[in-house]
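Hello,

Here is the structure I said I would pass on. My notes follow it.

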Amino acid sequence: MANLKEIKRKIGSVKNTAKTTNAMKLVSSAKLRRTEELARRSRVYAAKLTELLNEIAQKMQKANVDGLDNVYFKEVANPKTVDIVFITADKGLCGGFNAQTIKRVNQMIADFKAENIKVRLRAVGRKGIDYFKFNNVELNDEIVGLSAAPDYAEAAQFITEVTHAYVNGETDRIILVHNGYVNMISQEIREDQVLPIDPSKLELSDNSTSELEVEPDDDDTLLDALVKRYVEYTMYYSLIDSLAAEHSARMQAMDAATKNAKEMVKTLTVKYNKARQEAITTELIEIISGMESMK
Amino acid sequence: MELMKLEIVTPNGVIFDDEVRQVTLPGSEGEFGVLPKHATLVSLLQAGVIEIVKADGSKVAVAINSGYVKVDEEKTTCIVDGAVALSGEDTDLAQALSEAKELLKKAESSSTVIAAAVSKVENIGKSL
């Protein structure tokens with residue numbers, strides 16, 4: 001009989017879990033819709049900004065015979081230090097979302113180490129920070145709260161520090177790693193080289209032949225401002241993209257959890273019924289055999 | 001009448017995308033007008049008002065805080081940080097005007113630039 005009670009209690013607790021996971025799934029899907037809208041809108045801006053930057057860079061590259069002589073575009077021949085900025089969520093319960101990013105970062109660290117390049121890590125999001133702290137890996141910079149609620153000013157401040165390190169020559173390359181949103185059911189790891197900007201990657205959309213005029217007319221003012229904006233926005237956009245991916249991953253994970261819980265309730269119910277039947281049968285046998293012995 | 005394409009993009013989305021006759025922009029080195037077939041130009045923009053003459057001759061104004069513009073022969077693209085449209089069928093004008101003033105005041109540290117832009121916004125408010 002104790003077994004029966006036990007199973008009943010278990011069914012109740014699994015049902016509660018299913019309720020919780022289902023609620024979390026609903027919350028995530030609502031948040032996802034909002035974040036997706038945000039991402040969709042800022043994607044246009046990001047695309048235009050990149051386009052403009054490309055065009056200016058290419059025009060300037062054409063004007064200069066020996067390539068673009070600007071710190072933001074110059075690839076260092078033998079990089080010694082690389083900064084990796086990576087974005088994870090502040091919270092778990094989202095399947096392999098954080099683990100994937102961390103795995104990729106670890107992979108990159110190993111790769112760079114093989115080339116004798118020093119890696120400095122800059123972490124956004126509690127999960128990533130916790131992981132590397134637990135494994136005694138030094139983090140150069142860390143910020144919590146930004147990945148759950150992307151804020152342009154904060155994102156800009158964070159990435160500006162890294163940009164300063166780059167301009168001062170402390171680091172030779174900045175790479176941004178995050179788990180990006182593809183659609184409701186899939187995410188993919190995105191790895192962007194933020195600085196130096198690689199102009200060859202940018203495709204040429206040259207539809208005008210006239211020479212580019214730039215105002216204010218020393219190139220650096222405009223380019224500096226533009227690059228700053230571009231870097232900041234890349235960071236901000238990655239945060240939004242990562243948040244959307246996080247919500248979609250959590251939605252999936254919670255959906256799976258709810259399904260599993262429901263499945264478990266079914267199995268437990270079958271088990272409960274069997275146990276109950278067994279108890280009844282035992283009782284019946286006891287009564288019948290008692291009667292038999294009375295005869 | 002020759003036309004060109006004008007796009008105004010903010011981090012919150014595209015706020016203007018249409019064929020226009022003429023556009024006046026608040027460049028950091030001074031205000032300038034753009035007509036179709038303008039030579040390629042990239043400029044910083046400061047706080048001010050973008051004045052647009054649409055294909056049908058009607059005028060539209062958009063207050064911005066800062067950004068960039070890229071002009072070429074067929075297309076003008078403005079990439080701005082913040083913008084408030086000052087005219088349109090469904091906008092509440094009084095509210096849009098105060099929002100625009102707020103935006104301008106926050107954006108610029110130089111008081112002359114603000115004063116010029118705000119007075120422009122007020123003029124537009126009167127003329128509409």
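Where in chain A is A:Asn116 placed? A:Asn116 sits in the loop between α2 and β2 (118-124) of chain A; helices (H or I, at least four residues) and strands (E, at least two) are DSSP runs numbered from the N terminus.

This is a predicted model, in which local features need pLDDT of at least 70 and side-chain atom pairs count only at pLDDT 80 or more, while totals for chains, interfaces and linings use all residues. Residues are numbered from 1 along each chain as its sequence is written, and chains are lettered from A and ligands numbered from 1 in the order in which they are written.

Backbone notes: A:Asn116 is not a glycine, yet its phi is positive, about 65 degrees. A:Asn116 has 9 C-beta neighbours inside 10 Å and so counts as exposed (12 or fewer other C-beta atoms within 10 Å of its own; buried is 20 or more, partly exposed is in between; C-beta atoms are placed from the backbone). A:Leu93 also has a positive phi, near 55 degrees. The loop between β1 (81-87) and α2 (97-114) holds A:Leu93, which counts as partly exposed because it has 14 such neighbours. In the loop between β5 (186-195) and β6 (213-215) lies A:Pro196; the peptide bond to it from A:Leu195 is cis, with omega near -10 degrees.

Regards
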